[in-house]
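Visitor: I'm new to this one. Please show it to me, and then I'll ask about bits of it.

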Amino acid sequence: MTLLIVAALSIVLSSTADLWTEVLWYDSVGFKGVFFTELWSKVFLGVTSGALTAALVASSIVIGYRSRPIYPPSTPQQEALDRYREALEPLRRLVTLAAPLLVGALVGLGAASQWQTFLLWRNGQSFGQVDPYFGQDLGFFIFTLPWLSFLVALLTVVLLAAAFAAGFTHYVYGGLQLSGPHRQTTSAARIHLSVLLAALVLVRAVAYWLERFELSNQSSTLMTGVQYTGATAVLPAKAILSVASVICAALFLAVIFTKTWRLPVVGVALLIITSVVVGGIYPGVIQSLKVKPSEKSLEAPYLDNHIKATRAAYGLDGVEVTQYQPKTNADPAVLRSDAASLPGIRLVDPNVVAQTFQQFQGLRGYYRFPDTLDVDRYLVDGKEEDAVVAARELDLTGVPSAQRNWLNDHTVFTHGYGVVVAYGTRRGTDGEPVFIEQDIPTRGKLGEFEPRIYFGEQSPEYSVVGGPSGGQQRELDYAASGGDKMYTYTGRGGVAVGSFARQVAYALKYRELNFLLSDAVTDESRLLDYRTPRERVQRVAPWLNLDGNIYPTVVDGRVLWVVDGYTTSDMYPNSSLASVQDATEDTITETRKSVAAIQGGQINYIRNSVKATVDAYDGTVTLYAWDETDPILRAWSAAFPGTVTPKSQMSAGLMAHVRYPEDLFKVQRQLLSKFHVTSADQFYGGQDFWKVPVDPAQESKLNVQPPYYLTVNMPGQSAPSFSLTTAFVPNGKDVLAGFLSVDSDAGATAGSVRPGYGALRLLALPKDSNVNGPGQVENYIGSSNDNSPRFSLTLSGFINLNKQQGSTVTMGNLLTLPVGGGLLYVQPIYVQAKAEPSYPLSKAIVTVFGSKLTWSDTLDGALTELFGASTNGNGGTGTGQTPGGGTTTPPTGDLAKALADVQTAYAEGEAAFKKGDWAAYGAAQTKLKAAIEKALALQRGAGPGGTGSLTPTASATTTATTPATSTGG
C-alpha cells in the first residue's frame, strides 16, 4: 500500500509540474490564452461527451435492472442465467459504476481530440461564395459540416453503447428472452429498447441527409466533387434513405403500442434493401449504362466546376498564362541586352555550399550551419543583392566528450553567434563564397545587430541563463585569441526559475536534481526551453501548418527567424484533393535534414495566411496576418483573440525580407501541372498534363527538382523581380513544356505589400516544342566536348578528369531563365578535393541557350562566349566580384601531348560505348587512366618537358569582402 501511495503521489506531482510549467511557458511568450482556450475546449468536449455517454449507459443498466421481472420464466435458459446473476451480484454495483465511467472516458478522450473542429464551427465565417449544387455558402462545408458529422458520429457511438448496455442487462435479468418457447419481452424492456433504437435510426436519417453534402468532397479517378451520377442518382437516393430512416424510427416507436417487433424488423429489412438498391445498384447502373458511354459530354459541366473550384482553392485562378515560343538562335545583341538587365544570376547553390560555409566560418567545432542554406536579399552599398544566408548555431555534439556534463551543456554552452551572409551572384578567386557578413565578432555590411542565437533550429533542449548584475559570467560567448569571452543573458525570454517551487517543478519535468543542487541556478536565472522556431510557432498557433524551410534574417538590429504558416482544409467543395506531404517532397527534403516536407494528409484548400517571426535572442513569437481575407484565418483569430497581429504593423525592414513560401509554391505547381488546362474537354483527355521534372543534378534521379529563388525578368514584366521558379515537362518526355515563376518581392514599405507580390506567371510552350528540358540539358552538359578558352580540356574531360583524380564533382542547381525570347540554362560545377579539409568550391559555370553550350571559370566568361561579346559585368559579375580569372598558359611539350592523349582516349571510349563494344571500351578506359596520371604528374613537374596548366591561373585582384582564410579544398 505504501508503494502504491508513493507511485500515485509521484504521478500527481509529475503531472502537476508538467501542467504548471506549460502555463509558465505560455505566459512567458504572451500566449497564455491559447493554452487555456485549447485546454477548456478539450475539457468541455471530453466532459460533455463522456458524461452523456456515461449517463446513457448507466441509465440503461439501472433501468434494465430495476425493471427486471420478479419471477422470470422457468426455462433452461433462465436457469443457466441464474448462475451468472449470482456470480455478478457481488460486483453489480461496481460494474454499474465502473462500466459507464470507462466507456464515457474512452468516448470523452476521442471527443476532446475534435477541439479544433468545435472552435472552427463556433467561430465560422462566411466565404461570400456559394457552391453550384446546394446553394450553400462555402463556409458551411468548411466550418459547419465537419462539426455536424462529428455530432452524428458521437451520437451513433453513444446510442450504440446505451442500446448494448440495455439489451445485455435486460437479457441477463430476464426482461429480454431470445430463444425457447417463451420468447417474449417485458413491457419495460420493450419500451426502453424501442426508444433507444428509434433514436439510433433517427441519427442515421440525419447522417444520410448530411452525406448528400459530403458528395462535394468525394473523389474518383476523374475528379473530386459532385459528378453526373452523384447529382442525378446518389443525391435523390440519399434523400429517399433519409426519409425511409425516419419512417423506420417511427416503426420502432410503434412497438410501444403494438407490443410486437414485427413492424420495425420489416422496416429495417426494407431500409437495408432500399439502401442496396437505391443507394448502390441504381447509381451503378446509371454509371455503367449511361455515363460511361458518354462520359466526356455528361461530365463536362461537373469537370468545369471542379476545375474552377480547384484553381480558386489553391490560389491558381489568377495565374497569368503567356503562350511562349522560345527562340533557340536569338540575336546576340538581344541576348546581351536581356542579360544586362538582370541584376545578377545566382551562382551559389545553397544546397551545396554548407560544407564550405562550415570550413570558412564554422571557426569552432561546436558551431554548425544547416546542411541546406537559405536565399534572401540584402541592400548592400545601395544595391539589392541576392544572398545566401545561414545562422551560426550551437551544436553540442561538437563539444569534446571530456567537457560534456550537465553544467557545460546547460549553463556554459548556451547559444550560437552571428549570421553569415554571402553574395549569391559572386564567387571568390578559388571558387569560394564572397561574404557580406562574417566572422566572430561579426563584421561586414549589415550594420550593428544582436548576434547571439539563443533560439534556433539546432539549439539545445534547454539552457539555464542569466544571473545577478555584476555577478559571475558563466556563458561562453565566443573564443578569442586573448581568452574565452564570457557573457550573461540579459533578455526577457524564457521562464524565471529563481523560486524554489519553480526549481522543483522543472526538476520534476526534466528529471534533473541539478536544478535544486547547482549554484548555477540563481534567483535571477531564467530557463529557455522549446527553442526551435518551428516548435515555438506551432505551440502558440496549433491550428497552422508550417513551412518546412524557415530562414534567418537580420531585421532592425535583431536576428529574426521567419516561419510561413498555412491554413488548410480538406472540405472545400469540388476542389481536388492532394497529399500535402507528397506535393512538398523533393530532392532537398529527401536528402537534407534541415528542410522537411509538410507532414499531414490530404488537403484541397491552402492559404499562406500567417507570417510568423521568432526573435533569435529572446524567443519572442509574433504572428502577422498575411492573408487577411482568408475566412479560416478570421475564424481562428476569433477563437484566439489578440494572438494574430495585423499586417499593417510589420516593419519596413521585415517586409523587405519576406518571400513567397516554398511549400505553398510546391503544392501549387503540382496542381498546376494538371489545372493549367481549363477546358473540360481537354482535361478529360489528359494529354496536356505536365509533371515536375526529376532533379537532373542528382545522380539517383529519384526525386523531383526543387524550386529555385532567383531574380528573373518574365515576359511582360517591366523590371526583374526576386522570384521562385520551376519548370514543367510533359508526361513521358523530357522536353520543356512550361516555366512558372511567382513574384516573391513584398517590397520594403512598412505594413504594405508591394503590388505584384504573389503574381503567378506561366510560360506555356507549344505542344510541338522541342526545347530541351532540364534532364536533356544535364545530359548535354555531362557529355559535352565543347572547349573553353579558360581551360585546356573539353567540359566532359574536365568533369571526368576531376573524378578520376579522386575529387568529388557536384553539379549545382540547374537554373532556368527566360532571356532574349528564349530560355537560358545556367549551372555551376563544384569540385571537392579528396584530401582533408574537404569542401566544395565552384570551379566552372556552364550556360546553355538552345543548342549552344559554353562554359568557363566565371559566369561572365561563359556568357561572353555565348553572346559573342562581354556583358560588361552584368549577369552576375557585377562590381566587386572576384571572378577567379586570369590567364591560362597554353600547354606545351610533353604536357600538351599527354592532354591530347587524354582527349583521344576519352573519345575512343565514348565511341566504343555507343557501339556496345565493351572490350574496346575497357581498353580505352585503361588508356584514359594512364593518360590522366601522366598529365597530372607532368603538371606537378614530375616529368620532363612541357609547361602549362589544367586549370586557369588566378590573377584577378580581390576587391570584395573575402574570407579571412581562403585555402582551397
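**Sheets, helices and cores**

Visitor: How many bridges join strand 7 to strand 8?
Guide: Two bridges join them, and strand 7 and strand 8 run antiparallel. Two strands count as paired if DSSP finds at least two bridges between them. Strands (E, at least two residues) and helices (H or I, at least four) are DSSP runs, numbered from the N terminus.

Visitor: What sort of model is it?
Guide: It is a predicted model, where local features need pLDDT of at least 70 and side-chain atom pairs count only at pLDDT 80 or more, while totals for chains, interfaces and linings use all residues. Residues are numbered from 1 along each chain as its sequence is written, and side-chain values use heavy atoms, with hydrogens and water left out.

Visitor: Back to strand 8. Which residue is the bridge partner of Val 421 there?
Guide: Glu 437 in strand 8 is the partner of Val 421. Glu 437 also has Gly 444 in strand 9 as a bridge partner.

Visitor: New topic: helix 15. Which of its residues are buried?
Guide: In helix 15 (residues 500-509) they are Gln 503, Ala 505, Tyr 506, Ala 507 and Lys 509. Buried means under 20% relative accessible area with a 1.4 Å probe, protein chains only.

Visitor: And what covers them?
Guide: The cover includes helix 1 (2-29), strand 14 (495-496), helix 16 (514-517) and strand 15 (526-529).

Visitor: At what angle do helix 1 and helix 15 pack?
Guide: About 110 degrees, with their axes 8 Å apart. The two helices are therefore roughly perpendicular to each other, a label used for angles of 65 to 115 degrees. Axes are lines fitted to C-alpha atoms, for helices over the stretch in contact, and angles run from 0 to 180 degrees between N-to-C directions.

Visitor: Last one. Which residues have the most contacts inside the largest nonpolar core?
Guide: Tyr 314, Trp 543, Tyr 572 and Leu 623, in a core of 144 residues. Helix 6 (residues 138-172) gives its largest share, 15 residues. A second, separate core has 44 residues, among them Leu 347 and Val 846. A nonpolar core is a set of buried Ala, Val, Leu, Ile, Met, Phe, Trp, Tyr and Cys residues joined through side-chain atoms within 4.5 Å.

Technical notes: Buried < 20%, exposed > 50% of the residue type's maximum accessible area, 1.4 Å probe, protein only. Contact = heavy atoms within 4.5 Å. Parallel < 35°, antiparallel > 145°, perpendicular 65-115°, else oblique.
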